Amino acid sequence: MQRQRDDASVLVPGIDAPSTVACLRSLHPRGVRTIVGSESRSTPAATSTYRDAFVHLPDPDTELAAYGDALLSLAKQPAVRTIVPVREEDVYVLAKRRDAFADEIATPWPAFETLRRVQDRVELFDAADAAGVGVPETELLDQWDDWDREVIVKPRYTVAAPAYLGSRFDDAEIGSTEYQQPGTRPDPQAAAEKRGHVPIVQELIPDSREFGFFALYDRGEPVATFQHCQRRGWKYCGGPSAYRESVHIPELEAAGRALLDELEWHGLAMVEFLRDPADGEFKLMEINPRFWSSLPFSVRAGADFPNYYWQLATDEPITSEPTYEVGMGGHLLRGELSYLHSVVTEEYPLVDRPSFGTAAREVATSLVCHPRFDYAVADDPIPFVQDGVNLLREWFDGGSGEGAAEAEPTLEPDIETEIADDGAESAETSPAADGEPTRSAQTDGGGRSDS
């Protein structure tokens with residue numbers, strides 16, 4: 001039984017993607033106390049005007065069990081009403097221990113049995129087939145036999161975790177999406193040994209535009225939906241969203257709803273599709289079962305999903321608007337820089353690279369025509385500055401991330417005291433409830449490149 005609480009608070013994991021900041025900017029002005037939890041004080045959300053408290057958490061990439069214990073300790077605080085999943089590790093921990101969290105807070109996320117059908121792409125494509133939703137031709141690597149076609153090899157699972165990789169979890173690297181040259185065949189045994197599982201092979205859909213159907217479901221019923229078309233990713237071959245435009249396409253909505261209905265979904269979902277030029281059909285790539293990195297854009301277009309999520313968690317009537325603005329564009333400036341950098345420095349087989357001049361003109365034109373940005377807003381500018389600092393640090397550190405964790409703060413006094421009074425064990429001494437850390441295979445926009 002969930003306790004009655006005063007000073008209602010929400011815990012939002014702090015990550016590099018703008019989704020955390022979007023939640024703060026939506027909920028804080030509505031009187032919700034916002035707590036950012038992260039392994040790094042350099043997360044942009046920690047600098048937001050709309051952040052009320054910061055709490056230092058274990059890194060789920062290396063300490064998943066301790067991370068789950070810390071989230072559960074925070075859930076036991078009298079004011080915390082719910083937790084917002086913003087990455088695959090978050091929703092994995094929350095779903096895996098859903099019963100324990102349900103004793104303390106609202107749990108607007110799926111049960112683990114349902115989540116597994118999404119984080120395991122083989123099971124996901126089986127569900128899509130049952131729902132009548134198109135998918136690219138896909139097989140396990142050791143079952144694929146036509147290597148003269150243009151194909152990609154990608155992880156079967158969207159997150160590396162003991163429930164998926166079993167005893168191989170400790171020494172395996174789940175890997176990323178790889179473009180396969182026609183006429184070459186990877187060694188299935190070597191791939192399985194390296195990745196800790198047999199990856200999948202998928203026909204290449206030759207279109208870099210990705211279409212997203214976004215939804216919040218309440219026990220199998222949609223309460224809010226949104227669509228966008230990703231025009232540019234972080235890489236010229238795709239990846240997380242750098243520039244996107246809001247759209248409304250009936251066929252996209254029908255495909256997204258059919259799949260989520262088949263799954264009897266509960267919670268957040270971003271259903272990603274590519275449109276096959278051969279027949280115009282939307283082909284499923286994956287489902288992200290949590291908030292997506294381009295969330296600020298969804299809110300800006302009129303689909304305020306953080307508020308809808310809070311209303312669902314607190315049993316308030318969902319006051320979603322029946323429409324949102326179609327034809328809007330929005331950018332993540334760091335993503336645009338990454339896109340241009342990929343055009344200059346990277347090569348992806350099977351994907352045509354645009355000229356730098358063409359790419360630069362397209363970026364510049366869209367910035368002038370659609371000057372809306374995920375981080376950069378007038379009333380909360382510091383997260384944008386912090387994101388820029390983080391980008392420079394990555395460049396100078398060669399992408400290693402070294403230095404980001406130096407001089408990490410402990411829990412803020414008010415949060416720390418409440419956890420200590422609750423008797424929770426520290427990250428260093430907590431038992432391994434889930435056993436091991438996880439490593440995400442993707443974030444948003446993972447249809448054509450590892451995200």
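The legends below describe close-up views of a predicted model.

**View 1. Helices α5 and α6 cross in the predicted model.** The axes of helix α5 (residues 112-119) and helix α6 (residues 121-131) cross at roughly 95 degrees, and α5 and α6 are therefore roughly perpendicular to each other. Their axes come within 5 Å. On the α5 side, the contact is made by Arg-116, Arg-117, Val-118 and Gln-119; on the α6 side, by Arg-121, Glu-123, Leu-124 and Ala-127. By class, four of the residues in this contact are charged, three are nonpolar and one is polar.

**View 2. Helices α12 and α14 pack against each other.** Two packed helices are described by the angle between their axes and the distance between the axes. For helix α12 (residues 333-345) and helix α14 (residues 382-396), the angle is about 30 degrees and the axes are 10 Å apart. Angles under 35 degrees count as roughly parallel, and α12 and α14 are therefore roughly parallel to each other. Leu-333, Arg-334 and Leu-337 of α12 meet Phe-384, Asp-387, Asn-390, Leu-391 and Glu-394 of α14. The contact of α12 with α14 comprises four nonpolar, three charged and one polar residue.

View 3. With a relative accessible area of 23%, Phe-373 is partly exposed. Beyond residues up to four places away in sequence, Phe-373 touches Arg-300, His-331, Leu-333 and Leu-367. The C-alpha atoms of Phe-373 and Gly-330 are 5.7 Å apart in space, while the two residues are 43 residues apart in sequence.

**View 4. The largest nonpolar core contains 68 residues.** In soluble globular proteins, nonpolar side chains tend to be buried together. Within the largest core of this model, Leu-71, Phe-101, Phe-291 and Phe-305 touch the most other members. Helix α2 (residues 64-75) gives the most to this core, contributing seven residues. A second, separate core has 27 residues, among them Val-118, Ala-215, Val-247 and Leu-263.

**View 5. The surroundings of Phe-101 are shown in detail.** Phe-101 belongs to the largest nonpolar core. Setting aside neighbours within four places in sequence, Phe-101 is in contact with Gly-68, Leu-71, Leu-72 and Ala-75, as well as with Ile-83, Val-93, Leu-94, Thr-107 and Trp-109.

**View 6. Gln-230 is a buried residue of strand β11 (residues 221-235).** The relative accessible area of Gln-230 is 2%. A polar atom of the Gln-230 side chain lies 2.9 Å from the backbone oxygen of Gly-239.

**View 7. Glu-264 and Asp-315 have positive phi values.** Most residues other than glycine have a negative phi. Glu-264, although not a glycine, has a positive phi of about 50 degrees. The loop between α9 (250-262) and β13 (267-275) holds Glu-264, which is exposed at 63% relative accessibility. Asp-315, likewise not a glycine, has a positive phi of about 60 degrees. Asp-315 is found in the loop between α11 (305-313) and β15 (329-331), and this residue is exposed, with a relative accessible area of 73%.

Key
Residues are numbered from 1 along each chain as its sequence is written. This is a predicted model: local features need pLDDT of at least 70, side-chain atom pairs count only at pLDDT 80 or more; totals for chains, interfaces and linings use all residues. Side-chain values use heavy atoms; hydrogens and water are left out. A nonpolar core is a set of buried Ala, Val, Leu, Ile, Met, Phe, Trp, Tyr and Cys residues joined through side-chain atoms within 4.5 Å. Buried means under 20% relative accessible area, exposed over 50%, partly exposed in between (1.4 Å probe, protein chains only). Helices (H or I, at least four residues) and strands (E, at least two) are DSSP runs, numbered from the N terminus. Contact means heavy atoms within 4.5 Å. Axes are lines fitted to C-alpha atoms, for helices over the stretch in contact, and angles run from 0 to 180 degrees between N-to-C directions. Angles under 35 degrees count as roughly parallel, over 145 as roughly antiparallel, 65 to 115 as roughly perpendicular and the rest as oblique. Ala, Val, Leu, Ile, Met, Phe, Trp, Tyr, Cys and Pro count as nonpolar, Asp, Glu, Lys and Arg as charged, and the others, Gly among them, as polar. A polar contact is a pair of N or O atoms within 3.5 Å; within protein, one must be able to donate a hydrogen and the other to accept it, and residues adjacent in sequence count only if both atoms are side-chain atoms.
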